[in-house]
Amino acid sequence: MAVQDIVKYAFKDTFSVSTVQFEKACTIDHNEQQNAYSIYWIKEGKGTYNIDFEQYQFEDNVLFFLSPGQVFTVDSEQIKTAYKLSFVRDFYCIQTHDKEVACNGILFNNIYETPFVKPCEKDTKKLSFILENLIEEFQQNETAQYDMLQSYLKQFIICAVRVKKENHVIKEDIETRLFKDFSLLVEQNFRTLHSVTAYANRLGVSPKSITKHFQKLGTKTPSDFIKNRILLEAKRQLIYTDKSVKEIAFELGFNDPAYFTRFFTKANSKSPLQFKKEY
């Protein structure tokens with residue numbers, strides 16, 4: 001496998017499309033932490049990927065979506081045709097878009113959901129058509145190129161959202177509003193707030209109400225949700241920074257590094273330093 005066989009089209013370091021059309025090529029050859037929003041489309045191929053330390057297997061024609069900060073590792077892959085669309089937050093102007101196609105919508109920032117979506121033949125043709133126009137636009141040198149590229153990216157994302165909605169049960173917003181509000185609050189505050197009560201107070205509901213809501217949705221408990229988000233960030237920091245265990249503990253809101261080590265070891269059956277060494 002050879003990464004150098006990937007062809008890349010870019011616009012001012014804010015948006016790019018990479019294409020792979022060689023049996024010997026691969027998406028990446030090392031662990032990689034995402035620094036942008038990325039859409040991978042494995043049109044022909046199969047493999048095993050690790051995303052945020054969870055393993056996923058796929059075979060032929062799948063889309064998956066990664067947000068900044070997520071960890072992506074290739075265990076094995078045989079790729080014949082694949083594409084990667086990558087863009088920064090400023091390029092896509094998410095605040096102006098409908099919530100379903102925004103960067104905090106259905107496709108992105110859902111770190112606890114399966115990231116893979118499988119388009120049907122009809123959707124594959126639509127996605128291919130948009131992508132062809134997108135690549136053609138990259139090769140133009142017109143004053144309105146930014147607008148055109150952004151338009152094609154939005155079309156691609158809208159099509160991908162429809163594919164996901166067709167293949168996955170998307171619960172009505174009223175059913176999941178508390179879960180989404182809780183998730184967003186955890187994402188913003190997990191470094192400083194570790195108790196369900198603290199989040200319940202901010203949401204203006206009781207801890208018991210949040211727990212019942214999670215049970216109704218059939219998901220993990222609120223306390224496990226908080227704990228898993230802290231552990232995920234701890235793993236990311238251990239692998240992708242040179243910070244000491246003590247520094248990571250303080251950054252994640254633990255006043256006692258020894259307690260953080262016990263917390264991490266209990267959840268992972270290995271200490272932070274063992275995890276860092278073995279990964």
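Strands β4 and β5 (residues 54-59) pair in the antiparallel sense over six bridges, where pairing requires at least two DSSP bridges between two strands and strands are DSSP runs of E with at least two residues, helices runs of H or I with at least four, both numbered from the N terminus. Within this pairing, N50 has Q55 as its bridge partner. Two residues separate the strands of the hairpin, and D52 there takes a positive phi near 50 degrees. The model is a predicted one, in which local features need pLDDT of at least 70 and side-chain atom pairs count only at pLDDT 80 or more, while totals for chains, interfaces and linings use all residues. Residues are numbered from 1 along each chain as its sequence is written, and side-chain values use heavy atoms, leaving out hydrogens and water.

Strand β4 also has other partners. An antiparallel arrangement with β7 (residues 71-87) comprises 14 bridges, with I51 opposite F72. Five bridges join β4 to β6 (residues 62-66), again antiparallel, and I42 stands opposite V62. Twelve of the 15 residues of β4 (residues 37-51) are buried, so the strand is largely enclosed by the rest of the structure; buried means under 20% relative accessible area, exposed over 50% and partly exposed in between, with a 1.4 Å probe and protein chains only.

Turning to helix α9 (residues 257-268), its buried residues are F260, F263, F264 and N268. These fall within an arc of 110 degrees seen down the axis, so they line one face of the helix (the arc is that of the directions from the helix axis to the C-beta atoms). On the other side of α9, R262 and K266 are exposed. After the helix comes S269, with a positive phi near 60 degrees.
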